[in-house]
Amino acid sequence: MFDVKKVSIELGGKTLTLETGRIARQADAAVLATYGETVVLCAVTAAKSVKEGQDFFPLTVHYQEKYSAAGRIPGGFFKRERGATEKETLTSRLIDRPVRPLFPEGFYNEINVIAQVLSFDGESEPDIVAMIAASAALTLSGVPFLGPIGAARVGYKDGEYQLNPSMDEVKTGELDLVVAATQDAVMMVESEAKELSEDVMLGAVLFAHEASKKVVGAIIELAEKAAKEPWEVAKGDDLDDLKKKLKKLIGKDIAAAYKLTSKSARSDAINAARDKAKAFFAEEGLDAQAVMAGIKLTKKLESEIVRTAIIKDGKRIDGRTTTQIRPIEAMVGFLPRTHGSALFTRGETQAICTTTLGTKDAEQMIDGLTGVHYESFMLHYNFPPYSVGEVGRFGAPGRREVGHGKLAWRALHPVLPSKEEFPYTIRVLSDITESNGSSSMATVCGGSLSMMDAGVPLKRPVSGIAMGLILDGKDFAVLSDILGDEDHLGDMDFKVAGTEQGITTMQMDIKVAGITQEIFEVALRQAKEGRAHILAEMNKALSSTRTELSAHAPRIETIQIDKSKIRDVIGTGGKVIREIVAETGAKVDIDDEGIIKISSSDIDQIEAAKKWILGIVEEAEVGKIYNGKVVNIVDFGAFVNFMGGKDGLVHVSEMKNERVEKPTDVVSEGQEVKVKVLEIDPRGKVRLSMRVVDQETGEELEDTRPPREPREPRGDRGDRGDRGRGPRRDGGDRGGRGGDRGGDRGPRRDRGGDRGPRGEGRGGNGGGDDDGSNAGLPDFLTQD
């Protein structure tokens with residue numbers, strides 16, 4: 001029934017299997033990729049024709065994680081998968097970025113790539129499996145895809161690279177790097193690193209490329225068995241004549257426009273040239289399709305003019321050399337009420353970054369395949385339309401904003417202090433107010449400065465730079481700190497961020513069919529020089545973290561208590577901890593290890609809560625004087641709360657050095673008193689005294705009351721035979737008491753020697769009336 005085709009290879013210690021022909025057979029192609037026990041289904045469908053007026057490539061990638069894959073039910077009210085999570089959005093972009101450049105220019109058919117995680121083994125992230133499945137499905141579908149690509153994740157620990165490491169290995173290692181590549185060149189890099197050198201990062205990319213080649217080979221093997229016939233792509237019309245006319249008409253105008261250093265002036269001049277071209281199209285009587293092709297030619301002409309100037313003359317759009325960085329200005333602390341703020345401007349790119357410090361309850365809850373976890377560092381990036389002088393959509397973040405924010409997050413995350421060093425939830429907000437290239441790297445620089453301004457003890461400041469590439473055959477030029485136009489018209493967008501010690505993140509997107517190792521090495525070396533220059537400019541504003549937090553930031557104090565005392569601090573149903581919060585105004589968080597975090601913007605509230613908690617967990621000390629409060633009055637004294645939740649009894653005789661008739665004559669409920677601990681019995685009950693403490697000063701007083709007369713020793717119970725009782729279990733001796741009392745009291749006390757099993761040993765032969773000895777007892781107790 002099924003014509004199933006599959007291939008398998010060993011990859012990173014697990015078996016990768018690609019299968020097609022069994023599932024989703026009505027799609028243009030569907031591949032079921034299995035790696036270990038993680039299974040991803042990717043289906044590709046493509047429109048057979050182009051929509052009228054379509055002038056761009058409408059590729060859409062959707063990545064979705066099914067909660068059932070991990071045996072979980074989604075949280076929330078609806079209990080089903082809904083809109084894309086941040087992770088799903090980022091993974092969709094991860095798949096899209098390397099495959100999009102591998103479609104031919106002029107191909108505008110709509111394509112849907114849908115990857116769904118069906119099974120998750122909890123060990124390796126499924127994003128790599130999804131990328132491989134998407135590449136395989138596109139290769140099998142017959143669409144003009146110039147792949148396939150392979151993908152691999154690389155870790156680094158103890159000087160060794162790890163291929164497709166587990167999630168636990170990634171957490172404990174120094175690198176998390178994802179690479180997508182064709183057989184010949186790298187197409188995409190995404191990473192987070194703990195300040196690694198350029199050589200280590202380059203080695204990781206090459207290591208991943210070798211593994212990707214193995215995956216590419218497996219996909220080609222599957223395609224030889226199951227690929228559909230390739231589509232015939234319609235050849236575009238010969239537009240050479242139109243291109244020559246355009247160059248003659250507006251070539252000089254475009255060249256002049258791209259010599260203007262101001263973005264707005266340059267945009268105005270380019271738009272004027274484009275309007276001139278549109279008027280020419282109207283005069284020529286071109287139809288709508290030809291006009292669209294002409295507009296594409298105009299953009300191509302712009303690209304050629306800019307690229308030629310850079311390759312041949314080394315002259316960039318704004319007149320800089322290939323390695324020169326735009327002017328930088330950095331300010332910190334310019335917003336008075338934020339916990340930390342920075343304004344970072346590089347050329348015509350500008351970001352306002354603010355840092356807000358919060359307590360544990362401000363952490364972000366994330367629900368995913370691995371379960372619920374909490375994130376204490378957040379970075380949110382916003383790109384309003386006014387930042388590029390346009391009108392447009394303004395609202396919830398789109399895919400691009402999520403992606404740029406995560407890139408900056410990866411750059412800053414490795415230099416954050418541990419939770420033990422700095423127990424705050426941190427939120428960095430980046431609002432882009434101007435944009436002309438590399439706003440995500442401006443976010444890295446501004447975010448680093450704003451956290452330092454807020455008092456976050458970063459290991460080291462972080463700077464970031466975006467690198468570009470102009471590739472013309474074997475000739476190439478790597479550009480430092482690219483403009484927006486150099487990004488659009490160039491062949492690479494390569495972002496590198498890090499400290500003076502090493503790289504913390506690296507992201508690369510290629511618009512051509514990959515780059516060589518030589519280009520990669522030049523780009524990394526040039527990026528290192530650029531990062532150092534930017535960091536020096538940042539240091540002029542603030543070179544180290546502030547030692548004091550903002551007056552508006554909450555303070556957090558951490559104390560450690562014994563685990564056995566946790567329930568005492570929390571109380572039944574949380575009663576005690578709620579009372580502490582309500583009375584002091586401070587927030588109190590306690591974990592299973594006995595670590596308590598007390599937070600408030602008012603230091604007095606923290607001290608009050610701390611004193612209360614320490615009073616609960618502290619052990620009372622005999623002879624020590626405490627402040628207390630009367631919580632209950634009884635006939636024989638008063639109970640005083642003197643150590644948080646700990647109470648002790650002040651007996652009426654310990655209230656004053658004189659006779660007290662009633663406790664209420666001395667104290668009242670709620671009264672503040674000073675007490676001394678006299679005794680703690682083995683059961684933990686505490687005996688207190690007020691009379692030996694000066695109630696005004698709290699100083700200990702001399703005990704002037706005469707000591708009590710010592711009591712006569714009571715002796716042990718065995719000596720009571722002298723009083724007529726004898727030892728309790730020695731029946732014969734106890735007869736003395738029976739004899740003395742038996743005659744006088746008769747039957748009630750003379751329960752003599754005939755009691756049988758129960759009476760044996762209690763009566764003996766003492767004197768007394770036998771007639772009364774068994775009176776009133778049941779028959780079975782009187783029988784021998």
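In this predicted model, Met365, Val372 and Tyr374 come together as a nonpolar surface patch of about 320 Å². One of the three, Met365, belongs to strand E14, which covers residues 364–368.

Serine 387 tells another story. Its place is in the loop that runs between strand E16 (377–382) and helix H8 (399–412), yet the residue counts as buried because its relative accessibility is 6%, with the cut-off for burial at under 20%.

Tyrosine 156 is buried at 13% relative accessibility, while tyrosine 161, at 27%, is partly exposed. For tyrosine 626 and phenylalanine 642, the centres are 5.2 Å apart and the planes are at 65 degrees, so the pair is edge-to-face. This pair ties together distant parts of the chain, with tyrosine 626 in strand E25 (residues 625–634) and phenylalanine 642 in strand E26 (residues 637–643), 16 residues apart. Both tyrosine 626 and phenylalanine 642 are buried. Elsewhere, one aromatic cluster is formed by Phe57, Phe103, Phe107, Phe145 and Trp231.

Arginine 82 has its charged end over the ring of phenylalanine 78, 3.8 Å from the ring's centre. Likewise, lysine 406 lies over the face of tryptophan 409, with 3.7 Å to the ring centre.

Terms used:
Residues numbered from 1 in each chain as written. Predicted model: local features only at pLDDT ≥ 70, side-chain atom pairs only at ≥ 80, totals over all residues. Heavy atoms only, no water. Patch = residues over 30% accessible without salt bridge, like charges linked within 9 Å, V, L, I, M, F, W, Y side chains within 5 Å. Areas by Shrake-Rupley, 256 points an atom, 1.4 Å probe, with all protein chains shown as cover. Salt bridge = Lys/Arg side-chain N within 4 Å of Asp/Glu carboxyl O. Helix = DSSP H or I, 4+ residues; strand = E, 2+ residues; numbered from the N terminus. Buried < 20%, exposed > 50% of the residue type's maximum accessible area, 1.4 Å probe, protein only. Phe/Tyr/Trp six-rings, centres within 6.5 Å; stacked < 30°, edge-to-face > 60°. Lys NZ or Arg CZ within 6 Å of the ring centre and 35° of its normal.
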